[in-house]
Amino acid sequence: MITALQTNPVTPIGQSGQTTLIWDGGKDHPYAEVWVKVDDGEETFVVEQAKGTRQVIVEWGRTYLYILSDAGKRLATVTVKSRP
């Protein structure tokens, strides 16, 4: 599972905000990875950690898809989009 404490953080127009990701790949996925895809861009590696939390910066008007995966298989996703 992967969640964000705020999936729609309030961010002033043209500025950045933040949210906290929480993930847990479970006992069957000790090498789980978190990736992010911003808007329609390429997936970018964030961290290899089976379980954790991390504060992430989000820019106004952008959509972030955070992906929890293991060995190339998607386990879960969460979408974060900042708004004014």
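Select threonine 11 to start: this residue sits in the loop between S1 and S2. Strand labels follow DSSP runs (E, at least two residues), numbered from the N terminus. The model is predicted, so local features need pLDDT of at least 70 and side-chain atom pairs count only at pLDDT 80 or more, while totals for chains, interfaces and linings use all residues. Residues are numbered from 1 along each chain as its sequence is written, and side-chain values use heavy atoms, with hydrogens and water left out.

**Stop 1: threonine 11**

Threonine 11 counts as buried because its relative accessibility is 0%. Buried means under 20% relative accessible area, exposed over 50%, and partly exposed in between (1.4 Å probe, protein chains only). Now show its contacts, meaning heavy atoms within 4.5 Å. Apart from neighbours within four places in sequence, threonine 11 contacts Ser16, Gly17, Trp60, Ser82, Arg83 and Pro84.

**Stop 2: the three-stranded sheet**

Switch to cartoon. An open sheet of three strands runs in the order S1-S2-S5, with antiparallel pairing. S1 and S5 are the edge strands, each with a single partner, so one side of each has no neighbour in the sheet. On average, neighbouring strands here are turned by 25 degrees against each other, direction ignored. The axes behind such angles are lines fitted to C-alpha atoms (for helices over the stretch in contact), and angles run from 0 to 180 degrees between N-to-C directions.

Zoom in on S1 and S2. They pair antiparallel over three bridges; two strands pair if DSSP finds at least two bridges between them. Isoleucine 2 stands opposite tryptophan 23 in S2.

**Stop 3: the core**

Next, select Ile2, Leu21, Trp23, Val34 and Tyr66. These have the most contacts inside the largest nonpolar core, which has 16 residues. Strands S1 (2–4), S2 (16–24), S3 (33–38), S5 (51–59), S6 (63–70) and S7 each give two or more residues to this core. A nonpolar core is a set of buried Ala, Val, Leu, Ile, Met, Phe, Trp, Tyr and Cys residues joined through side-chain atoms within 4.5 Å.

Keep valine 34 selected. Leaving aside neighbours within four places in sequence, valine 34 touches Ile2, Leu21, Trp23, Phe45, Val46, Val47, Ile67 and Leu68. Valine 34 also stands opposite valine 47 in S4. The strands S3 and S4 run antiparallel and are joined by five bridges.

**Stop 4: aromatic pairs**

Display the rings. Rings of Phe, Tyr and Trp (its six-membered ring) pair if their centres lie within 6.5 Å; planes under 30 degrees apart are stacked, over 60 edge-to-face, and the rest tilted. By this rule there are two aromatic pairs.

Pick tryptophan 35 and phenylalanine 45. Their ring centres are 5.3 Å apart and their planes stand at 75 degrees, so the pair is edge-to-face. Tryptophan 35 is in strand S3 and phenylalanine 45 in strand S4 (residues 43–48), 10 residues apart. Tryptophan 35 is partly exposed, at 23% relative accessible area. Phenylalanine 45 is partly exposed too, at 41%.

Move to tyrosine 64 and tyrosine 66. This pair is stacked, with 6.3 Å from centre to centre and 10 degrees between the planes. Both tyrosines are buried.

**Stop 5: salt bridges**

Show charged side chains. A salt bridge puts a side-chain nitrogen of Lys or Arg within 4 Å of a carboxyl oxygen of Asp or Glu. The structure holds three.

Go to aspartate 39 first. In the S3 and S4 hairpin, with four residues between the strands, aspartate 39 takes a positive phi near 55 degrees. Its side chain meets that of arginine 62 in a salt bridge (3.2 Å, N to O). Arginine 62 lies in the loop between S5 and S6, 23 residues from aspartate 39. Glutamate 59 also forms a salt bridge with arginine 62, with the closest N and O atoms 4.0 Å apart.

Now select arginine 74 and glutamate 43. Their closest N and O atoms are 2.8 Å apart. Arginine 74 lies in strand S7 and glutamate 43 in strand S4, so this pair ties together parts 31 residues apart in sequence.

**Last stop: threonine 79**

Finish in strand S7 (residues 73–81), where threonine 79 is found. Threonine 79 counts as partly exposed, at 41% relative accessibility. Not counting residues up to four places away in sequence, threonine 79 touches Thr7, Thr63, Tyr64 and Leu65. Its C-alpha atom is separated by 9.5 Å from that of lysine 37, 42 residues apart along the chain.
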